[in-house]
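Student: Hey, I'm new to this one. Can you show it to me and walk me through a few spots?

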Amino acid sequence: MAGALPEVRRHRVRGVAEAARARLAGWGEPLLATLGSADPPAHFRMLLALVDGLLGNQLASPDAGFDPEPAVATLLRGFRTG
């Protein structure tokens, strides 16, 4: 029984994370559509992946001059063109 406890916790955390992502997508996908995205659900996942990577890199190797704007702007422009 004790061995099942970590799996139960992972399942609960996964559920909480998925619910939070769904709430965020409910806000972000319509915004991306307004910005001209042809595929808001897919583009939203890409944007989350970019932000996750940028934050992970900043946490692993902090840079006082960190500016995510150019990377995010480039990705958003790509959403409009293809």
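Student: Let's start with Gly78. Is Gly78 buried, exposed or partly exposed?
Tutor: Gly78 is partly exposed, because its relative accessible area is 32%. Buried means under 20% relative accessible area, exposed means over 50%, and partly exposed is in between, with a 1.4 Å probe and protein chains only.

Student: Okay, and where is Gly78 found?
Tutor: Gly78 is in helix 3, which covers residues 69–81. Helices here are DSSP runs of H or I with at least four residues, numbered from the N terminus. How far is Gly78 from Gly53? They are 25 residues apart in sequence and 18 Å apart in space, C-alpha to C-alpha.

Student: Before we go on, what kind of model is this?
Tutor: It's a predicted model, where local features need pLDDT of at least 70 and side-chain atom pairs count only at pLDDT 80 or more, while totals for chains, interfaces and linings use all residues. Residues are numbered from 1 along each chain as its sequence is written, and side-chain values use heavy atoms, with hydrogens and water left out.

Student: Got it. Which residues make up the largest nonpolar core?
Tutor: That core has 5 residues: Ala25, Leu32, Phe44, Leu47 and Phe79. Helix 1 and helix 2 each supply at least two residues of this core. A nonpolar core is a set of buried Ala, Val, Leu, Ile, Met, Phe, Trp, Tyr and Cys residues joined through side-chain atoms within 4.5 Å.

Student: Why might nonpolar side chains be buried together?
Tutor: In soluble globular proteins, they tend to be.

Student: Tell me about Leu32, then. What does Leu32 touch?
Tutor: Skipping neighbours within four places in sequence, Leu32 is in contact with Ser37, Pro40, His43, Phe44, Leu47, Leu76 and Phe79. Contact means heavy atoms within 4.5 Å. Leu32 is in helix 1, and it counts as buried because its relative accessible area is 4%.

Student: Ser37 is in that list. Where is Ser37 found?
Tutor: Ser37 is in the loop between helix 1 and helix 2 (40–60). Ser37 is buried too, since its relative accessible area is 10%.

Student: And what joins the side chains of Ser37 and His43?
Tutor: A polar contact of 2.5 Å. That term means a pair of N or O atoms within 3.5 Å; within protein, one must be able to donate a hydrogen and the other to accept it, and residues adjacent in sequence count only if both atoms are side-chain atoms. Apart from neighbours within four places in sequence, Ser37 contacts Leu32, His43 and Phe79.

Student: Switching topic: which residues make the nonpolar surface patch?
Tutor: Leu24, Trp27, Leu31 and Leu35 make a patch of about 400 Å². Patches use residues with over 30% relative accessible area and no salt bridge, joining like charges within 9 Å and nonpolar side chains (Val, Leu, Ile, Met, Phe, Trp, Tyr) within 5 Å. A salt bridge is a side-chain nitrogen of Lys or Arg within 4 Å of a carboxyl oxygen of Asp or Glu. Accessible areas come from the Shrake-Rupley method with a 1.4 Å probe; for residues, only the protein chains shown count as cover.

Student: Why does Trp27 count as exposed?
Tutor: Because its relative accessible area is 56%. Trp27 is in helix 1, residues 4–34.

Student: Last one: what about Leu59?
Tutor: Leu59 is in helix 2 and counts as exposed, because its relative accessibility is 73%.
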